[in-house]
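Visitor: I have a model open and would like to go through how its parts pack. Can we take it piece by piece?

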Amino acid sequence: MSVERLVEIAAPGAGVARIGLGLAAVGRPAYINLGRDRDLPAERPVEVMRRRSHELLDAAYAAGVRYLDAARSYGRAEEFLADWLRDRPDAARDVVVGSKWGYTYVAEWRTDAETHEVKDHGVETFDRQRELTDALLGDRLDLYQIHSVTPDSPALTDPELHARLAGLAAEGVTVGVSTSGPRQAEAIRAALAVEVDGRPLFRTVQSTYNLLEPSAGAALAEAHEAGRAVIVKEAVANGRLTEAAERLPEPLLQVAGETGATPDAVALAAVAHRPWVTVVLSGAATTDQLRSNLAAADLRLDEPRLARLAELAEPPETYWRHRAGLPWA
């Protein structure tokens, strides 16, 4: 299935197909999401995390999820996903598979590692990671994104890298970018302007956008208008907008109470209401979380409630400073 097909099936009103499954939380033993001590066992050997990943993939596919998101830096997420696709050929023909390059996982499957991932957007890293991704996912890879582009990333200006990426696109793999940091809007607009031989290079944009950090919204709307697929990540702010949070914002609690929905479903639904969103990712670590997230597909929020939720927005610098301080656990 192509990314174009995903845009078609995830059109507004498509229900669960507008929600994808990201594997950041289950492809490695440690991540920055809140509540992992409750979501996962204390001991997290590879096979335990493989089984958890496959449980989530099975549940997501059965519910109607059709976009699956991994990355080289998500530990063994590509490996777990490749195993699942191999064992379920019917599902493999029916899903869109995305991954990302640009971060290298270096924690060696330890939760207490001083450094978990190292960022590099150079050509050598692309060549090395592309070979590794190809060995695992092969022709099942539909989308390959540069991981966490910021305005100063050499990936936006390196003609040698652009030629490599254009070559990958010529092979039939869609090329995209993901963004992070307080200047996401600037990075998105710079990526939209990149061309090779007069043609836009990046066909998808994946960005952090949620009730606390909506600053990329206008740029993502521009990307949509320019014909790009828009994928939203971190819609529940790494657990800050779920039951795992120590203290949930009052407007979120109010809307959840009024609608009979869980806070995470409200947060995801608020994102999915944006007409420029193609897919919003669930980063669930348990099947219960996934079911709760997927309830967002049937949740309708009126304008007064959306306006109340919009009051939760933080300055981008504040949001990203808080995110940078979240512990790996």
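Visitor: How are α10 and α13 oriented to each other, roughly parallel or roughly antiparallel?
Guide: This is a predicted model. In it, the axes of α10 (residues 250–259) and α13 (residues 303–310) cross at roughly 155°. Angles over 145 degrees count as roughly antiparallel, so α10 and α13 are roughly antiparallel to each other.

Visitor: And within what distance do the axes come?
Guide: The axes of α10 and α13 come within 8 Å.

Visitor: Which hand does the crossing have, left or right?
Guide: The crossing of α10 past α13 is left-handed.

Visitor: Which residues make that contact?
Guide: On the α10 side they are P251, L252, Q254, V255, E258 and T259. Helix α13 contributes R305, R308 and L309.

Visitor: How do those divide by class?
Guide: In the contact of α10 with α13, four residues are nonpolar, two are polar and three are charged.

Visitor: Now α6 and α7. What is the angle there?
Guide: Helix α6 (residues 123–137) packs against helix α7 (residues 159–170) at about 25°, and their axes are 9 Å apart. Angles under 35 degrees count as roughly parallel, so α6 and α7 are roughly parallel to each other.

Visitor: Which residues are involved?
Guide: From α6, the contact has V123, F126, D127 and R130. From α7, it has E160, L161, R164, L165 and L168.

Visitor: On to the strands. What do they form?
Guide: Eight strands form a closed barrel with parallel pairing, in the order β1-β2-β3-β6-β7-β10-β11-β12. On average, neighbouring strands of this sheet are turned by 25° against each other, direction ignored.

Visitor: How many bridges join β11 and β12?
Guide: Two bridges: β11 (residues 229–233) and β12 (residues 279–282) pair over them in the parallel sense. I231 stands opposite V279 in β12.

Visitor: Different topic. How many aromatic pairs are there?
Guide: A search of the whole structure finds seven aromatic pairs. One of them is formed by F80 and W109, with 6.5 Å centre to centre and 80° between the planes, which is edge-to-face.

Visitor: Where do F80 and W109 sit?
Guide: F80 is in helix α4 (residues 77–87), and W109 is in the loop between β4 (103–105) and β5 (117–119). The two are 29 residues apart, and the pair links distant parts of the chain.

Notes: Residues numbered from 1 in each chain as written. Predicted model: local features only at pLDDT ≥ 70, side-chain atom pairs only at ≥ 80, totals over all residues. Heavy atoms only, no water. Axes fitted to C-alpha atoms, helices over the stretch in contact; angles between N-to-C directions. Helix = DSSP H or I, 4+ residues; strand = E, 2+ residues; numbered from the N terminus. Parallel < 35°, antiparallel > 145°, perpendicular 65-115°, else oblique. Left-handed = near helix turned anticlockwise from the far one by under 90°. Contact = heavy atoms within 4.5 Å. Nonpolar A, V, L, I, M, F, W, Y, C, P; charged D, E, K, R; others polar. Pairing = 2+ DSSP bridges. Phe/Tyr/Trp six-rings, centres within 6.5 Å; stacked < 30°, edge-to-face > 60°.
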